Amino acid sequence: MPWGPPGALGWSRRTADDEESAIHPGSSPDRGPVRVEVRGLSKSFGAVRAVDDLSFSVEPGSITGFLGPNGAGKTTTLRMALGLEQPDAGTATFGGVPYAALPAPVRTVGAVLETAFHPARSGRNHLRVYCRAAGLPPGRADEVLAQVGLADAGRRRAGGYSLGMRQRLALATALLGDPAVLVLDEPANGLDPEGIQWLRGFLRHLAHDEGRTVLVSSHLLAEMEQTADRVVIVGAGRLVREGSIAELRSGAQGSGPVLVRSPQAGRLAEVLSAAGFSVAPDDDGRIAVAGTTPAAVGAQAFRAGLELHELRAESSGLEELYFRLTAGQEQYAAPEGSRP
Ligand SMILES: Nc1ncnc2c1ncn2[C@@H]1O[C@H](COP(=O)(O)OP(=O)(O)OP(=O)(O)O)[C@@H](O)[C@H]1O
């Protein structure tokens, strides 16, 4: 389900007519600012400590990027905040109230955690089903479709939607209750550059113009650098840094990691790790090696008889800082078939 449904049914205690008068998309004079507070959240799955005593806050009227490498615990944190996962310890509150205790959760929080739709159902019908379940007026479906730019495609089967259209439909679903808080898990995944541009502008509008609290998770610093006002960086389930992009930038120093591409990436990562380098895959199929020089990486590859297709130093100070903060907190998975 694209948004946390458990509390959404709380709407059924009210009538659709009540809600019709309460929902004013765009202006929403009755929607006050809601601050999100995460305090001491922890969660283990067997021996894996997915989230470890994590605390941070998310402010209204701004976009907060929830940043961390794959497996850092972002989704688990969001699921706990939305009452979809029981924490071992700690709390997450919306305006001081846990999700499960919100009187009208769909009105307070809209979330996109994963995008699953009935393929035979039109986007519009998908939204109308949610409206019915949440006790919202069916007309909300057309309003949110227009908001996300899907007005023309609303009557087509969602199964035929592109990934970008599905992301927009998920966002529309999250907006149905005109919530004060939006929680979006990797909403830019799979979007083309135009879609990313649109998403960025839309999230800014929701936060800056409409005063909503927007929390967006991502494992890409570059994306968050251009979208978020503040970032919360996690690694191995723990908070590594919280602050504005400007604060982060002012703390960024030094040269970037060495980026290396090889058709034998898995083997190369093993060789470099064995030689004591800190390695992590980047998003372009390369390996990023921290705190060294291209010459040192090239020498290791040469000694191991490995072929290189690219070898250079990356120079973004912020990238370097992010890499340094989260290095070694991601499992390196060699791509299929990359092992010699
Ligand atoms: N239901 C589960 N059972 C067992 N382990 C889990 C479960 N959910 C998450 N984990 C583990 O907890 C850790 C954190 O996972 P999580 O999905 O929260 O990270 P993430 O930062 O969202 O990463 P990604 O960007 O890859 O989704 C990982 O090691 C993951 O394998």
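This is a predicted model: local features need pLDDT of at least 70, side-chain atom pairs count only at pLDDT 80 or more; totals for chains, interfaces and linings use all residues.

Me: Which domains does the domain assignment give?
Reply: The assignment gives domain 1 (6–250) and domain 2 (258–326).

Me: How many residues of each are in contact?
Reply: On the domain 1 side there are 11, in contact with 8 residues of domain 2. Helix 8 (221–227), strand 9 (230–235), strand 10 (238–244) and helix 9 (245–250) each give two or more residues to that side of domain 1. By class, this side has 6 nonpolar, 2 polar and 3 charged residues.

Me: Turning to the ligand, which element gives the most to the shell around it?
Reply: Helix 2 does, with 3 residues. Both helix 2 (74–81) and strand 2 (48–58) supply at least two residues of the shell. Among the residues surrounding the ligand are Phe 45, Val 48, Lys 74, Thr 75, Thr 76 and His 219.

Me: And how does the shell divide by class?
Reply: The shell has 4 nonpolar, 7 polar and 1 charged residues.

Me: Now strand 8: how many of its residues are buried?
Reply: In strand 8 (residues 213–218), 6 of 6 residues are buried. Thr 213, Leu 215 and Ser 217 point one way, while Val 214, Val 216 and Ser 218 point the other way.

Me: Which strands pair with strand 8?
Reply: Strand 3 (residues 63–67) pairs with strand 8 in the parallel sense over 5 bridges, and strand 7 (residues 181–185) also runs parallel to strand 8, joined by 5 bridges.

Key: Residues are numbered from 1 along each chain as its sequence is written. Domain bounds come from an automatic or database domain assignment. Two residues are in contact if their C-beta atoms, placed from the backbone, lie within 7 Å. Helices (H or I, at least four residues) and strands (E, at least two) are DSSP runs, numbered from the N terminus. Ala, Val, Leu, Ile, Met, Phe, Trp, Tyr, Cys and Pro count as nonpolar, Asp, Glu, Lys and Arg as charged, and the others, Gly among them, as polar. A residue is near a molecule or strand if its C-beta atom, placed from the backbone, lies within 6 Å of it. A residue is buried if 20 or more other C-beta atoms lie within 10 Å of its own, exposed if 12 or fewer, and partly exposed in between; C-beta atoms are placed from the backbone. Two strands pair if DSSP finds at least two bridges between them.
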